[in-house]
Amino acid sequence: MKPDIVSTPLLVFIAVGIPIIVGAIVYGAILALTGRKTFGSAAGVGVSPAVVRSFVLLDAHSFLVGLLLATLATAFVTDVIKGFAGRFRPDFLARCKWSAELNACTGNKKDISDGRRSFPSGHSSESFAGMTFLALFLGTVWSRIFDVEGSVWGRRTRAWRIILPFAPLLISTYCAISRYQDVHHPTDVAAGAALGAAIAAIVYFFYYRV
């Protein structure tokens, strides 16, 4: 068996590490802007910077919990479906090492068992869960900070408000495609991507955005 293009540690970094790093940068920047006259709707209305900071930190906590909830829920649902579906991976025969004499598989039992867990792709679902959550977050933050009616920032950042949220999805798409190149059917990859994106969207809108 050849090594995975996207290893498990790299998958964890993509699904959880990158969103946390980006979130830390975003919230750090927002905290640095707190108290300036140009900062959001708090400018000119007498809102204490300490109050603004407390709301920012509370939002950061919700972001972190929401991200972990999305990725863990995706991992759980994916694992359950894999167990029930029991679909063979494309390389199952190589894993099985079928013996006509014994009328049974002679390969490594762990590899054989894993060979029956093709649908859906775990790498695809996890990467899309983390990156979809991050994409929604970036879209929301970008609108909150720069989408000010009639402002120069609002006019200059219209294109970026479309481009920026889609950037994380390029990473998850690469991760998903790599699974097709490794040990998955195209439908495994597509189902995993749809599952991860759906769970992340549900968690984002029903937990983080509440």
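A salt bridge is taken here as a side-chain nitrogen of Lys or Arg within 4 Å of a carboxyl oxygen of Asp or Glu. By this criterion, the structure holds six salt bridges. The model is a predicted one, in which local features need pLDDT of at least 70 and side-chain atom pairs count only at pLDDT 80 or more, while totals for chains, interfaces and linings use all residues. Residue numbers start from 1 along each chain as its sequence is written, and side-chain values rest on heavy atoms, with hydrogens and water left out.

Helices here are DSSP runs (H or I, at least four residues), numbered from the N terminus. H2 has 37 residues and reaches 53 Å from its first C-alpha to its last, close to the 54 Å expected at 1.5 Å a residue; the expected span is 1.5 Å times one less than the number of residues. Its buried residues (under 20% relative accessible area with a 1.4 Å probe, protein chains only; exposed is over 50%, and partly exposed lies in between) include Val-52, Val-56, Leu-67, Thr-71 and Lys-82. Just after H2, Gly-86 takes a positive phi of about 60°.

H2 (residues 49-85) packs against helix H8 (residues 186-208), their axes coming within 9 Å and crossing at roughly 145°. Such axes are lines fitted to C-alpha atoms, for helices over the stretch in contact, and angles run from 0 to 180 degrees between N-to-C directions. The contact (heavy atoms within 4.5 Å) involves, among others, Asp-59, Phe-63, Gly-66, Ala-70 and Thr-74 of H2, and Leu-195, Ile-199, Val-203 and Tyr-207 of H8. The residues on the two sides divide into 13 nonpolar, five polar and one charged. In this count, Ala, Val, Leu, Ile, Met, Phe, Trp, Tyr, Cys and Pro are nonpolar, Asp, Glu, Lys and Arg are charged, and the others, Gly among them, are polar.

The side chains of Arg-87 and Asp-188 meet in a salt bridge, at 2.8 Å from N to O. Arg-87 lies in the loop between H2 and helix H3 (92-96) and Asp-188 in H8, so the pair ties together parts that are 101 residues apart in sequence. Arg-87 is partly exposed, at 30% relative accessibility, whereas Asp-188 is buried, at 0%.

Asp-114 pairs with Arg-89, with the closest N and O atoms 3.3 Å apart. Here Asp-114 belongs to helix H4 (residues 109-114) and Arg-89 to the loop between H2 and H3, 25 residues apart. Asp-114 is partly exposed, at 29% relative accessibility, while Arg-89 is buried, at 7%. Arg-95 likewise forms a salt bridge with Asp-114, the closest N and O atoms being 3.3 Å apart. This pair joins helix H3 to helix H4 across 19 residues, and Arg-95 counts as buried at 5% relative accessibility. Through shared partners, salt bridges join Arg-89, Asp-91, Arg-95 and Asp-114 into one network.

Pro-90 is found in the loop between H2 and H3 and is partly exposed, at 48% relative accessibility. Pro-90 and Gly-115 are 25 residues apart in sequence and 8.3 Å apart in space, C-alpha to C-alpha. Leaving aside residues up to four places away in sequence, Pro-90 touches Ser-118, Val-183, His-184 and His-185.

Note on methods
Helices (H or I, at least four residues) and strands (E, at least two) are DSSP runs, numbered from the N terminus.
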